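Here is a short tour of one protein chain. Keep the sequence and the 3D view open as you read.

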Amino acid sequence: MNIVKREIKSNLKSMIIWSIAIALLVTIWMIEFDSFSGNPAINDFLEEMPQEMLAAMGMQDFTMGSLEGFIGTISLYLYLLLGLQAILLGSSIISKEERDKTAEYLFVLPISRRRIILGKLISALINLVTLNIVTLLSVILSTISYDKGENFYSFIVLMFVSVFIIQMIFLSIGLLVSSVNKKYKKSGNISVGILMITFLISSLINMVDSLDFLKYISPFKYFDSSYILSEMSLEPIYIIISILIIVAGIGGTFKFYIKRDLYI
Amino acid sequence: MNIIEIKNLTKLYGNSIGIENVNLEVKEGEIFGFIGPNGAGKSTTIRLLMSLIHPTSGEAKLFGKDAIEYGPEVRKDIGYLPSEIFYYDKMKVKDLLNYSASFYDKDCSKKIKELSDIMELDLNRRIEDLSYGNKKKVGIVQGLLHEPKLIILDEPTGGLDPLMQQKFFNIIRDENKKGATIFFSSHILSEVQELCNRVAIIKDGSIIEVQDIKTLRENNYKKISILGNNLNKDAFNLNGITKLVQDKDELKFFYKGDINAMIKTISSIEMRDINIEEPTLEEVFMHYYE
């Protein structure tokens with residue numbers, strides 16, 4: 001419990017900054033939407049844009065005019081940002097003890113590495129859930145004055161379940177990368193690299209149909225908002241893949257980090 | 001009872017040797033010195049004991065229990081002072097000490113007060129504002145606040161001024177009198193001589209010898225250099241003189257033996273200056289190093 005508290009405290013500042021930044025971003029997006037929605041010129045403009053370009057930005061299936069459509073479009077960026085925060089958190093929460101050379105203090109205390117990782121994991125979960133809820137609330141609050149379709153709130157809730165799953169996927173990848181890697185600088189770079197490559201793959205898939213088979217390795221393709229909007233559910237196959245990744249990442253973290261020599 | 005028992009412990013880093021086939025036994029109540037030059041494998045051995053790293057082969061037992069398997073349990077009774085102290089920079093000293101204390105199932109507040117009074121430690125400062133020596137003091141308080149039965153010190157005196165060093169040695173002696181076993185690693189011979197009962201000498205990853213400190217004292221070499229105009233090398237034909245070198249008007253040698261005989265010899269010659277000093281660790285153990 002003392003580790004959970006300590007970790008939350010040490011990550012508090014960065015979590016507050018992320019929360020404020022995301023809330024601001026959502027608000028700005030909604031102000032932008034406000035200027036789109038009443039304006040037929042925007043839809044004409046979008047129709048004239050090359051399809052590939054829209055696809056690269058994940059905007060191919062939406063009319064920007066509807067609120068759901070707009071939120072569907074920004075969902076990809078929420079996945080990206082919250083995924084980035086999660087993978088950085090996952091990788092740093094493990095590797096920072098070696099980076100700051102506090103490993104020689106923490107790991108000689110009478111507590112097992114398993115318990116230390118568990119404490120860090122719990123604090124990371126609290127961190128992710130908080131940021132998720134802050135984002136959800138900012139979407140709900142900034143759309144409060146708009147006309148909404150009847151399924152709006154179920155759509156939003158499903159979307160934020162997806163955001164949470166994506167956060168968990170990247171958190172566990174970040175944890176795993178830094179628990180295998182002795183060099184903390186490398187862990188951060190690899191983590192961000194994985195995030196950027198999977199994001200790039202998802203953009204490529206949108207543009208090039210023949211790359212569709214790659215969708216299983218890019219979490220950004222797992223919970224496409226157009227599917228959520230039309231089916232009002234998440235695709236089970238991707239839920240299963242996600243759970244497998246999360247279990248493997250967290251399980252691997254426990255397995256490898258406990259046996260690894262610490263870098264001092 | 002052996003508090004520390006190390007059997008054939010080996011740690012390889014890739015192809016390079018950290019330590020090789022180290023065997024050691026430290027008995028309850030001892031102050032055991034662990035001495036060797038930098039890079040000899042002292043810290044590697046200690047980190048294996050603290051299960052920060054894992055052995056390539058062999059085993060280490062603390063209080064009769066395997067250091068890795070029962071790590072968290074045995075570490076309840078160990079106080080560890082690493083050679084370099086790093087804590088969470090943003091924390092205040094007292095928060096850090098209380099955080100450390102929260103991992104032990106006992107009230108450590110009295111001991112924290114007592115130790116920080118002796119070490120003149122300001123509990124309200126932030127870790128990041130502390131000097132190297134002050135961080136060391138925090139390390140000493142933090143390592144001892146739970147009244148450990150085994151105290152492991154890795155080059156503990158760096159950064160402490162002589163006064164603090166004496167206070168620290170007194171604390172260590174007190175803890176030892178109360179029953180704590182001390183494992184003291186250092187590359188400075190004089191501090192090991194001052195404190196320890198027995199010493200192990202480590203070089204290039206292997207233990208060369210385990211000796212009583214008394215024996216080591218008897219092996220007490222002096223490093224003597226004499227300046228003079230008409231020095232005669234042949235006047236120094238006493239038993240116990242080694243490495244005698246004459247360089248123009250300077251004579252240098254090591255001496256191990258009856259100091260009175262040496263003084264007589266020296267007093268019989270004409271000289272400008274004389275210098276008698278403690279040899280460095282490397283020089284004392286030169287017969288191991290040759």
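## A pair across two strands

Ser225(B) stands opposite Asn275(B), which belongs to strand E14 of chain B. The model shown here is predicted.

These two residues sit in paired strands. Strand E11 (residues 222-227) of chain B pairs with E14(B) in the antiparallel sense, over five bridges.

## The four-stranded sheet

E11(B) and E14(B) belong to an open sheet of four strands. Its order is E12-E13-E11-E14 (chain B), and the pairing is antiparallel. Strand E12 (241-247) and strand E14 (273-277) of chain B stand at the edges. Each has a single partner strand, so one side of each is left without a neighbour in the sheet. From one strand to the next, the twist averages 10 degrees.

A helix lies across this sheet. Helix H9 (residues 259-267) of chain B lies across E11, E12, strand E13 (250-255) and E14 of chain B. H9(B) runs at about 170 degrees to E13(B).

## The whole chain

Now step back. Chain B has 11 helices and 14 strands. The chain is divided into domain 1 (2-217) and domain 2 (220-289). The C-alpha centres of these two domains of chain B lie 37 Å apart.

The C-alpha atoms of chain B fill a box of roughly 70 × 45 × 35 Å along the principal axes. Of the 290 residues in chain B, 50% are buried. Take the contacts in chain B between residues at least 6 apart in sequence: 68% of them join residues at least 24 apart.

Look at one pairing. Strand E3 (residues 31-35) and strand E8 (residues 181-186) of chain B run parallel, joined by five bridges. Phe32(B) stands opposite Phe183(B) in E8(B).

## Helix H4 and its two faces

Which residues of helix H4 (residues 109-118) of chain B are buried? They are Lys111(B), Ile112(B), Leu115(B) and Ser116(B). These residues cover an arc of only 120 degrees around the axis, which puts them on the same side of H4(B).

The cover over the buried residues of H4(B) includes helix H3 (93-101), helix H5 (132-144) and helix H6 (162-177) of chain B. The face turned away from the buried side of H4(B) carries the exposed residues Lys110(B) and Lys113(B). After H4(B) comes Glu120(B), with a positive phi near 50 degrees.

## A glutamate in a loop

Glu30(B) lies in the loop between strand E2 (16-27) and E3 of chain B. Is Glu30(B) buried or exposed? Its relative accessible area is 10%, so Glu30(B) is buried; the cut-off for buried is under 20%.

What does the side chain of Glu30(B) touch? It makes a polar contact of 2.5 Å with the side chain of Arg198(B). Beyond its neighbours within four places in sequence, Glu30(B) is in contact with several residues, among them Glu25(B), Asn176(B), Ala180(B) and Asn197(B).

Notes:
Residues are numbered from 1 along each chain as its sequence is written. Chains are lettered from A and ligands numbered from 1 in the order in which they are written. This is a predicted model: local features need pLDDT of at least 70, side-chain atom pairs count only at pLDDT 80 or more; totals for chains, interfaces and linings use all residues. Side-chain values use heavy atoms; hydrogens and water are left out. Domain bounds come from an automatic or database domain assignment. Buried means under 20% relative accessible area, exposed over 50%, partly exposed in between (1.4 Å probe, protein chains only). The arc is that of the directions from the helix axis to the C-beta atoms. Contact means heavy atoms within 4.5 Å. Two strands pair if DSSP finds at least two bridges between them. Axes are lines fitted to C-alpha atoms, for helices over the stretch in contact, and angles run from 0 to 180 degrees between N-to-C directions. A polar contact is a pair of N or O atoms within 3.5 Å; within protein, one must be able to donate a hydrogen and the other to accept it, and residues adjacent in sequence count only if both atoms are side-chain atoms.
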